Amino acid sequence: MTPESLLAERPPGCLTAPCCLCGRPTTAPVEVRHIPPDTTLYACPEHATTVAPGPVAHEGVPLPSPG
């Protein structure tokens, strides 16, 4: 947290993302899968336990080999 965010008129924006299962936007997205190179799928808290987990960005997903 920075002093600027503490003194701001409004709090800093939060991450919103559509649920990969129901499609509804959520302000509490749960990262469920990372698809290289730059796609991350999120689920709403209601569906986070029903989506089969996949590799996430911090797990070091290898890029597919060419050819």
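Predicted model: local features only at pLDDT ≥ 70, side-chain atom pairs only at ≥ 80, totals over all residues.
Strand 3, residues 30–35, and strand 4, residues 39–43, pair in the antiparallel sense over five bridges. Two strands are said to pair if DSSP finds at least two bridges between them. Thr-39 in strand 4 is the bridge partner of Ile-35. As a general point, side chains in a regular strand alternate between the two faces of the sheet.

Residues are numbered from 1 along each chain as its sequence is written, and side-chain values use heavy atoms, with hydrogens and water left out.

Turning to the chain as a whole, its secondary structure comes to one helix and four strands, and from the N terminus the elements run α-β-β-β-β. Helices (H or I, at least four residues) and strands (E, at least two) are DSSP runs, numbered from the N terminus. Of the 67 residues, 19% count as buried. Here, buried means under 20% relative accessible area, exposed means over 50%, and partly exposed lies in between, with a 1.4 Å probe and protein chains only. The chain exposes about 5200 Å², of which carbon and sulfur atoms supply 60%; these areas come from the Shrake-Rupley method with a 1.4 Å probe, and for residues only the protein chains shown count as cover.

How many disulfides does the rule count? With a disulfide defined as a pair of cysteine sulfur atoms within 2.5 Å, the count comes to zero. For Cys-22, the nearest cysteine sulfur is that of Cys-19, 3.7 Å away. Cys-22 is partly exposed, because its relative accessibility is 32%. Cys-44 is likewise in no disulfide, and its nearest cysteine sulfur, again that of Cys-19, is 3.7 Å away. Cys-44 has 6% relative accessibility and therefore counts as buried.

Cys-19 and Cys-44 also belong to the largest nonpolar core, whose six residues include Val-32, Ala-43, Ala-48 and Val-51. Such a core is a set of buried Ala, Val, Leu, Ile, Met, Phe, Trp, Tyr and Cys residues joined through side-chain atoms within 4.5 Å. Leaving aside neighbours within four places in sequence, Val-51 is in contact with Cys-20, Leu-21, Val-32, Arg-33 and Ala-43, where contact means heavy atoms within 4.5 Å.

The segment after strand 4 holds His-47. Is His-47 buried or exposed? At 16% relative accessibility, His-47 counts as buried. Beyond residues up to four places away in sequence, His-47 touches Cys-19, Leu-21, Cys-22 and Arg-24.

Glu-46 lies in the segment after strand 4 and Arg-24 in the loop between strand 1 (17–18) and strand 2 (25–26), so the pair ties together parts 22 residues apart in sequence. Glu-46 is exposed, at a relative accessible area of 56%, whereas Arg-24 is partly exposed, at 45%.
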